[in-house]
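Visitor: Before we begin, could you take me through the labels used for this chain and set each one against its definition?
Guide: Gladly; here is the chain.

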Amino acid sequence: CMAEIGGLIRPARETELIEIERLPSDRFPNLKQLAPSYGALDTDAVFEIANDILLEGIRTRSGPVRDGR
């Protein structure tokens with residue numbers, strides 16, 4: 001699981017960008033267009049956003065906070 005998460009919060013490797021470039025443009029136009037941004041990810045920003053999303057999900061699933069809880 002950590003390897004999968006690592007792939008989401010780190011910049012894409014050159015080999016991964018080449019693999020994306022080789023994909024058919026008619027089937028993966030958005031992925032190919034976004035590929036350069038995958039190579040330039042700001043890992044600190046991605047980490048912060050991912051944590052914010054996780055915490056918001058926990059808050060949403062846990063329901064309203066009551067006094068004394």
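**Labels and their cut-offs**

Guide: Arg10 has a relative accessible area of 21% and is therefore partly exposed, since buried means under 20%, exposed means over 50%, and partly exposed lies in between (1.4 Å probe, protein chains only). This is a predicted model, in which local features need pLDDT of at least 70, side-chain atom pairs count only at pLDDT 80 or more, and totals for chains, interfaces and linings use all residues. Residues are numbered from 1 along each chain as its sequence is written, and side-chain values use heavy atoms, with hydrogens and water left out.

Visitor: What is the mean pLDDT of the chain?
Guide: On the scale of pLDDT, the predictor's confidence in each residue from 0 to 100, the chain has a mean of 84, and 83% of its residues reach 70 or more. Confidence is lowest in helix H1 (residues 2–9), at a mean of 61, and highest in helix H2 (residues 14–21), at 93; helices here are DSSP runs of H or I with at least four residues, numbered from the N terminus.

Visitor: Why is the contact of Arg10 and Glu16 called a salt bridge?
Guide: The term requires a side-chain nitrogen of Lys or Arg within 4 Å of a carboxyl oxygen of Asp or Glu, and the side chains of Arg10 and Glu16 meet at 2.8 Å, N to O.

Visitor: Which residues gather in a patch of negative charge on the surface?
Guide: Asp42, Asp44, Glu48 and Asp52 gather there, a patch being made of residues with over 30% relative accessible area and no salt bridge, like charges being joined within 9 Å. Glu48, found in helix H4 (residues 43–62), is partly exposed with a relative accessible area of 48%.

Methods
Patch = residues over 30% accessible without salt bridge, like charges linked within 9 Å, V, L, I, M, F, W, Y side chains within 5 Å. Areas by Shrake-Rupley, 256 points an atom, 1.4 Å probe, with all protein chains shown as cover. Lys, Arg positive; Asp, Glu negative; His and termini not counted. Charge placed at Lys NZ, Arg CZ, Asp CG, Glu CD. Helix = DSSP H or I, 4+ residues; strand = E, 2+ residues; numbered from the N terminus.
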